[in-house]
Amino acid sequence: MQTTSMLQRSASSQQRAFGQASSKHSTGTGSQRVRQCPARLVAKASAKQQDSNRKAPLDYMREAANVGMGALLAATIAVTSPVAYAAPFDTDTGLAPLGNLRSADKGTYQLDKLNTSAAHIKAGLAARKDYTDKDIVDFLCNTECVEGRFDTMGVQGQDFKAELLGPNSKPSKGLRKANLSPRTKALLEEIALSEQGHALYTRQAGSTIPCPYVDYDKGFNAVFARAYGLEDGETISKLFGSDWDPYVNDATFALSMVFLEELGATGNKGLIALHTNPILADSTAGLATTATAFAAIERSILFDLKDEIVPPTNETVTQVFARLSAYRDAMDGPQIDDQGLLNKDPRFIAVPGSFVNNIPTDIRGLSFARTPLMNLNVLTVGAKDGKGGFFPEGIAGRINTPEGFDALAEGIDDWDGKAEARQLPASDIKKIPGPITPDGPKEVPGMKDLTQQLNSGPLDNGKAETRGLK
C-alpha cells in the first residue's frame, strides 16, 4: 500500500479500508489476515512520505492530540506499519520493530534526563508480550469493574446494572453503602458516576467478559495486613480487635477508594503504550486523566482529615496513607512510583511548608505509570497464579497473572542503530538513566533549579517511615 494513495482516498473509502491489510502485504482473509512489517517496507513507506508534499499521518496525529508519550508511541506504531490504520482487536498485528524510540526530527530533547518516562516505556515494552488491543480492553474491564462497583455501592448504595456487569457475572462480596458526610458524598458521587462510565467504555470498546468475582473484605484486609507488616496467618482483626471496614466514615472510605483509584490512574497510563490502535490509546489516556483528577479529589479530602484517627488502627490518616503507599510501591517493582499524602523528598515535587501532595509526580510534574502485571501483583497480594487478595478466583482474559511484573525491556539504550523509519540510533543521544529507587540517585537533573531545594526533607526510601508514618 502506498502512503500517497492512502492519503488521497475519500472518506468513504477510508471507512471501508479501516483495519484492513493491503493484499500486497498480508496473508489470509478477514480477521485472520496477518500484517507483515519488515524493516525494508517501513523504510520504503517512509521514503515515499518524504517525497510527498502532504504531511505524514504522524504529523496530523501530533497536531490533533497531545495525550502524552504513551499515546504518541501508540500512534507511531500504528502509522509506521504499511497498513493505513490499526483496527481495534485485529489479531496477529504485525508491528514495525520499535528500535530506539527516537524522534524523526533529530531535535535535542535531553531524553537522557527523562528517567521516569523511560522507565515506564521499558516496563510497558516488557509487559506487552503478544497481547492484543482486545486483551488490553478486557483487562481494563476487570479493573474498572473493581473500582466502579466499589465506588457505586459505597456512594450510591447500588451495584452496576446488568449491561455493565457482563454475562454470567457473580455477585461480589463485601459491597456496602458507606457512612459519608453530605460534603464528602457530594464530591464522590461524580467519581462513582464516572467510574460507571469507564466500565461502559470497556463494553462499548468490545469487552464481553464478565466482571470478576471480587472479595472486597478479604482484599482490603489482606492488603492492610501486608501494609502493617503482619506475617502469614496474622490478621488486622487480631492486631486491632476488628477488621478493616472501608465503610465506617469519610476517612476509611476515602483511603480505600484512593487505594484503588491510584492503581487505576497509574495503570491506565501504563496501558497507553501497550495499545496499537491510536483511537483506543486516546480513550485509555482519557481514563488515566480522569482517574488522576479523581484521586486528587480523594487526596484533598484526606488532607483535610490528615490528623484524624482512623479506626481500628489508632493511627492518623497520614500514617495509614503512608503504609498503603509503601505497600503499593513494594509490590510493583524496585522503582519509586508511589507517594504518601505528604511529600518532603526534594527529588519530587515538594511544597514548602505544607508538603501537600495531591498528585504524585516526578520532579517534572509527570505522573507515574504501572503495567497491568504490576497492578495484578498489588491487587492479588503477590499471588503468582493471579488468585488472591481481591481476586480469589482470578480474572477473565489473557492478562491474568502478575508474572514478569518487575521486568524492564532491554534494547532501548543498546539498540544496534540500523536504519529504521523515524528512529535514531542510541549513539545520537545519551544513555537513558534508570528510575529512582531506594538506592538512588540521590538527586535528579533539574532538582536544584526548583524552589523545593530549600526544603531539605528526607529522601524517600520507598517505606512508610519516609512518607509520613513518623
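A search of the whole structure finds six cavities of 30 Å³ or more, where a cavity is a set of points on a 1 Å grid over the protein atoms alone at which a 1.4 Å probe fits but cannot get out. The model is predicted, with local features needing pLDDT of at least 70 and side-chain atom pairs counting only at pLDDT 80 or more, while totals for chains, interfaces and linings use all residues. Residues are numbered from 1 along each chain as its sequence is written, and side-chain values use heavy atoms, with hydrogens and water left out.

**The largest cavity**

- The largest cavity has a volume of about 150 Å³, a volume being the space filled by probe spheres set on the grid points, which are joined across faces, edges and corners.
- Of the 15 residues that line this largest cavity, Glu262, Ala265, Thr266, Thr292 and Pro360 are the closest to its centre, and lining residues are those with an atom within 4 Å of a point.
- Helix 12 (250–272) and helix 13 (278–304) are the elements that give two or more residues to the lining of the largest cavity, helices being DSSP runs (H or I, at least four residues) numbered from the N terminus.

**Helix 9 and helix 12**

- Helix 9 (residues 182–204) packs with helix 12 at an angle of about 25 degrees, their axes lying 12 Å apart, where axes are lines fitted to C-alpha atoms over the stretch in contact and angles run from 0 to 180 degrees between N-to-C directions.
- That angle makes helix 9 roughly parallel to helix 12, a term for angles under 35 degrees.
- The contact (heavy atoms within 4.5 Å) is made by Thr184, Leu188, Ile191 and Glu195 of helix 9 and by Asp250, Phe253, Met257 and Glu261 of helix 12.

Technical notes:
On a 1 Å grid over the protein atoms alone, a cavity is a set of points where a 1.4 Å probe fits but cannot get out, and a pocket is an open set with protein on both sides within 12 Å along at least five of seven lines; lining residues have an atom within 4 Å of a point. Angles under 35 degrees count as roughly parallel, over 145 as roughly antiparallel, 65 to 115 as roughly perpendicular and the rest as oblique.
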